[in-house]
Amino acid sequence: MREVRVRFAPSPTGALHLGGVRTALFNYLFARKHNGKFILRIEDTDQTRFVPGAEEYIIKSLAWIGLDIDESDIVGGEYGPYKQSNRKHLYTKYAQQLVNDGFAYYAFDTPEDLEVMRKDLEAKKSSIQSYGPATRMSMKNSLTLGEEKTKQLLDENVPYVIRFKMPENEKLVLKDIIRGEIKADTSLLDDKVLYKSDGMPTYHLANIVDDHLMKISHVIRGEEWLPSLPLHYLLYRSFGWLDTMPEFAHLPLILKPDGKGKLSKRDGDRLGFPVFPLHWEDPKTGEVSKGYEEAGYFPEAFLNMMALLGWNPGNNSTQEIFTKEELCKIFTLENVHKAGSKFDPEKNKWFNKQYLELKPNEELAEYFIEDAKKDGVTVDKAKAAKLCGLVKDRCHFSHDLWKESKYFFVAPTEYNEANKKKFWKPESEDLMNKSIEILKQTEDFSSKNLENIFTDWINNNQLSFGKVLNPMRLLLAGECKGPHIFDILEELGKEESIRRIETGIKNI
RNA sequence: GGUCCUUUCGUCUAGAGGCUAGGACGCAAGAUUUUCAUUCUUGUAACACGGGUUCGAUUCCCGUAGGGACUACCA
């Protein structure tokens, strides 16, 4: 195989969505697997859709997931610049070349002209509804106008575009790594604009020119590009670049969790899950979107779950938890599933939990400390790590760690009604008063010792654990959930434990 | 409408002519338990349909139906 060079080529038109993340990830994994290069190219040829901050967002997102870039405007590289608006001059030359070689032509039709053509075709119920082999000879272009008239219009600075001259009656059979053979009939295709009247290339031209100049070996992109594959192939052919044309792989789309269609930002809002990796505020609309990071997902978990959406290790493997390094070793495009996959936020929760449990408490403590700080509580690392160990079983997200531990630092002011109804019995007050006496007499406030003392007391007096410990938990924490109660007592300490039970008896 | 892609449990998927169609999420039940969880066990549930090819099709071929994408001087 030739040197692997792949690119992730987003448009800076907004936040990087999940589809884009996965495309980037699969490009990255493929590059690493083959010791190749992962290149970031910014495709900003549409000036009207440019969104300030989007490019920075994309770069930050890739960094969060841990996809290190080998070539880009920031890290450098010998094929730069890597932003298409800075490569504008290149495309003019290549568009010109296609015209000179007879593969493309000038078109002077106004938007109104095009509108008329479409209406006309629609009225005739024609199956062909575009500017192409069947219609081009009735339009205003260098093919119909002749050389002299064309030159005159160009000299007069009449706005023009350059369109690809789609050949007629060619049956193409193209290769896609994931899908196998893709068939196309050029007579059904249209004459796409390659060069816009504002002097910018369209995606089609810029993409082929840049992939060629940057020596891209494999184009791994979303399925929405599959219909453009014949055009792209024909462009390579027209330029005479077929011998170095990259191989193509079109990734299946990520679909809505319910219902039909492509996953959109709306779905995330509607169903309550993030669709962007990081926090995003749209500078035009002011709309704010939560990201996976602030929702408490770990980047490793996020990467893992994105990798398994449409890809699997194959070979009867049932492994689901993979580090980035493992994925770099075993990833293959052949194991990418062909059909689109519905996004499953529930499974993502599970993935994150797996990672949370795998992480050492010292690492979790960092998240804990930060969240505590936001609530005005300062915790040292040792204590934070200890508490993380106590509560992690019940957590799915990093923020749950502090949420589930908050009562260690803030005494309850109210008590869960349902728990109260279930566990606070007429005899509870008496038992709590007796418990206070026991706690007061206990010097060694370790979890182990407390457990021994209470076990003896309960057994010796024919009491049940539930009758004593549930009300106590309710008074200590405000609700009946959480870790081993003697761990809670140890953590709170003698004084605070007694104080909570005392005030609890009064306030409940 | 046209073109192309696609189709295994509710969801993500394994499977590459012969299997009790496997795993995971979810859901349900049970076990553990002082609570909530965790964990463990068990269960639930799928080859879209119709034709071929074949001794034999989930698997290969052709239709049909469903789903998706594209059909801009957007990417």
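**Entry 1: terms and model**

I take helices (H or I, at least four residues) and strands (E, at least two) as DSSP runs numbered from the N terminus. This is a predicted model, in which local features need pLDDT of at least 70 and side-chain atom pairs count only at pLDDT 80 or more, while totals for chains, interfaces and linings use all residues. Residues are numbered from 1 along each chain as its sequence is written, and chains are lettered from A and ligands numbered from 1 in the order in which they are written.

**Entry 2: domains**

I looked up the domain assignment of chain A, with bounds that come from an automatic or database assignment. It lists domain 1 (1-71 + 252-358), domain 2 (89-195), domain 3 (359-408) and domain 4 (417-507). Taken over C-alpha atoms, the centres of domain 1 and domain 4 are 48 Å apart.

**Entry 3: nonpolar cores**

I call a residue buried if 20 or more other C-beta atoms, placed from the backbone, lie within 10 Å of its own, exposed if 12 or fewer, and partly exposed in between. A nonpolar core is then a set of buried Ala, Val, Leu, Ile, Met, Phe, Trp, Tyr and Cys residues joined through C-beta atoms within 7 Å.

Which residues touch the most other members of the largest nonpolar core? They are L25, F302 and M306, in a core of 55 residues. At least two residues of this core come from each of β1 (5-8), α1 (18-33), β2 (37-40), α2 (54-65), β8 (218-222), β9 (247-251) and α10 (299-307), and α1 gives the largest share, with nine residues. I also followed the contacts of F302, counting two residues as in contact if their C-beta atoms, placed from the backbone, lie within 7 Å; with residues up to four places away in sequence left out, F302 touches I65, P277, Y292 and Y297. A second, separate core has 34 residues, including I369, L450, A477 and I488.

L40 is in strand β2 and counts as buried because it has 25 C-beta neighbours inside 10 Å. Setting aside residues up to four places away in sequence, I find L40 touching F8, I69, S72 and Y82. L40 and P426 are 386 residues apart in sequence, and their C-alpha atoms are 68 Å apart in space.

F164 and K192 are 28 residues apart along the chain, yet 5.6 Å separates their C-alpha atoms.

**Entry 4: the surface near RNA strand B**

I count a residue as near a strand if its C-beta atom, placed from the backbone, lies within 6 Å of it. RNA strand B is surrounded by 64 residues, of which E43, K260, A339, F465 and C480 are the closest. At least two residues of this surface come from each of α4 (111-123), β6 (180-185), β13 (341-342), α12 (345-358) and α19 (465-477), with the largest share, five residues, from α19.

For the classes, Ala, Val, Leu, Ile, Met, Phe, Trp, Tyr, Cys and Pro count as nonpolar, Asp, Glu, Lys and Arg as charged, and the others, Gly among them, as polar. On that basis the surface near RNA strand B has 21 nonpolar, 22 polar and 21 charged residues.

I compared helix lengths with the expected span, which is 1.5 Å times one less than the number of residues. The 14 residues of α13 (residues 361-374) should span 20 Å, and the end C-alpha atoms are 20 Å apart, so the two values agree. In α13 I find L364, A365, Y367, F368, I369, D371 and A372 buried, with α14 (381-391) and α15 (398-403) included in what covers them. G376, which follows α13, has a positive phi near 80°.

Helix α18 (residues 447-460) also has 14 residues. From first to last C-alpha, α18 reaches 20 Å, close to the 20 Å expected. Just after α18, Q462 has a positive phi of about 55°.

**Entry 5: backbone exceptions**

Most residues other than glycine have a negative phi, and most peptide bonds are trans. I noted that G80 and P81 are joined by a cis peptide bond with omega about -5°; P81 sits in the loop between α2 and α3 (88-100).

N315, in the loop between α10 and α11 (324-330), is not a glycine but has a positive phi of about 50°. N316 lies in the loop between α10 and α11 and has a positive phi of about 65°, again without being a glycine. N315 is exposed because 7 other C-beta atoms lie within 10 Å, and N316 is exposed with 5.
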